[in-house]
Structure formats: C-alpha cells, structure tokens
Amino acid sequence: MSTSDVIQIIGIICTSGLSIVSVVIATLALKQNNKMLEESLMPYIVISYEVINTGSPNTFFLLKNYGQSGAKIIDFKCDTELTDEDVNYQFSKIPGTYLAPQQKKLYWFDCNAFKNPEIEFEISYQSQNKIYREIIPLKVKLGAISLRSESRYEKVMSNSIQEIVERLI
C-alpha cells in the first residue's frame with residue numbers, strides 16, 4: 001500500500017466520522033426543538049384566589065388555562081374539607097370541563113367557610129393524549145379592607161376605581 005492510499009483511507013475514515021457526528025448532533029437538535037415546541041404549546045391550568053372589591057369584598061377561585069392549547073380537566077381535588085355546600089357543588093362540576101387557551105372560570109366562595117386558610121389543589125388535565133398534573137398551594141385569607149367614603153354610591157364607585165387601578169398595576 002502506498003502513502004497516497006493510506007492518506008485516502010484516513011481521509012475517508014475522517015469524513016465518515018464527521019458525517020456520523022453531524023447526524024448525531026442534528027438528531028439531538030431536532031429532539032430538543034421538538035421538546036421546546038411541545039412545552040411552548042402545552043396547556044397550563046392553574047387555580048388562583050381573587051378578591052374583587054365593589055363596596056364589599058367578593059372572593060373567587062379563578063381556574064384558568066394559561067397555556068397555548070386547550071385541555072380537558074380529568075380530576076380536581078382539594079385537600080381541605082369544605083363547609084360551604086355551594087363550593088362543593090361547584091368543585092364537583094369541574095372534572096370534565098374543557099378550557100380553551102386563556103379561558104377562565106370564576107367560582108365564588110366565602111373565604112370564612114374554610115377551616116384552614118392553607119389549601120392545596122391537585123388538577124389533572126389532558127391534551128392531545130398527554131396527561132399533566134399540577135399541585136397548587138394557596139393561602140385563602142381576606143386582607144384588611146378600608147372604606148373610603150360615607151355614602152353608598154361614593155363607596156361603591158371609589159372601591160370599583162381602586163379595584164381597576166389595582167388590576168392595572
């Protein structure tokens with residue numbers, strides 16, 4: 001075997017090795033891009049606690065899909081015993097609910113109905129044959145409310161304006 005034959009064989013081996021490495025890198029990049037795309041399009045359903053003040057505080061649970069695709073709620077659990085039958089009824093209707101992207105549902109409740117203000121929710125939901133599970137701890141506690149005016153009309157108006165300003169901030 002001549003020197004030029006050895007050099008050609010080494011060149012073929014190096015080219016083949018680089019080709020294999022390129023294919024492996026491209027495959028890994030495609031898998032990473034697929035994972036990132038899936039994460040950016042997946043649903044993300046959470047429950048939060050809202051107080052809307054229109055003269056007197058109204059408390060709500062806000063169930064919202066913050067994701068980019070719709071999902072069907074399979075299971076919804078609350079770890080705290082609820083004394084409010086209206087809340088129990090509302091919560092019993094949540095499994096089977098479909099939430100489109102950015103869709104939300106409000107569930108009114110009396111925050112004094114909870115024996116323990118620290119609640120943990122577990123939500124399981126399905127989208128495109130994938131099942132997701134979220135565990136969300138909440139502290140349900142009504143803050144201090146201050147009245148700003150004497151007449152009922154002024155009180156409702158000032159509290160409504162305050163609520164709008166707080167939501168804008």
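The model is predicted, so local features were taken only at pLDDT of at least 70 and side-chain atom pairs only at pLDDT 80 or more, whereas totals for chains, interfaces and linings use all residues. Residues are numbered from 1 along each chain as its sequence is written, and side-chain values rest on heavy atoms, with hydrogens and water left out.

The chain contains three helices and seven strands, taken as DSSP runs numbered from the N terminus (helices: H or I, at least four residues; strands: E, at least two). From the N terminus on, these elements follow the order α-β-β-β-α-β-β-β-β-α. Of the 169 residues, 29% count as buried, that is, under 20% relative accessible area with a 1.4 Å probe and protein chains only. Contacts are heavy atoms within 4.5 Å; among those between residues at least 6 apart in sequence, 66% join residues at least 24 apart.

Apart from neighbours within four places in sequence, isoleucine 47 contacts Phe61, Leu62, Leu63, Phe76, Phe121, Ile123, Ile136 and Leu138.

The largest pocket has a volume of about 150 Å³. A pocket is an open set of points on a 1 Å grid over the protein atoms alone, with protein on both sides within 12 Å along at least five of seven lines, and its lining residues have an atom within 4 Å of a point. The volume is the space filled by probe spheres set on the points. Its lining includes Asn34, Leu37, Glu38, Leu41, Ser69, Lys130 and Tyr132. Helix H1 (3-41) and strand E7 (130-139) each give two or more residues to this lining, and H1 gives the most, with four.

Serine 69, one of the lining residues, lies in the loop between strand E2 (57-65) and strand E3 (71-78). Serine 69 counts as buried because its relative accessibility is 13%. The side chain of serine 69 reaches the backbone oxygen of leucine 41 at 2.6 Å. Beyond neighbours within four places in sequence, serine 69 is in contact with Leu41, Met42, Pro43, Pro101 and Ser127.

Methods. On a 1 Å grid over the protein atoms alone, a cavity is a set of points where a 1.4 Å probe fits but cannot get out, and a pocket is an open set with protein on both sides within 12 Å along at least five of seven lines; lining residues have an atom within 4 Å of a point. Buried means under 20% relative accessible area, exposed over 50%, partly exposed in between (1.4 Å probe, protein chains only). A polar contact is a pair of N or O atoms within 3.5 Å; within protein, one must be able to donate a hydrogen and the other to accept it, and residues adjacent in sequence count only if both atoms are side-chain atoms.
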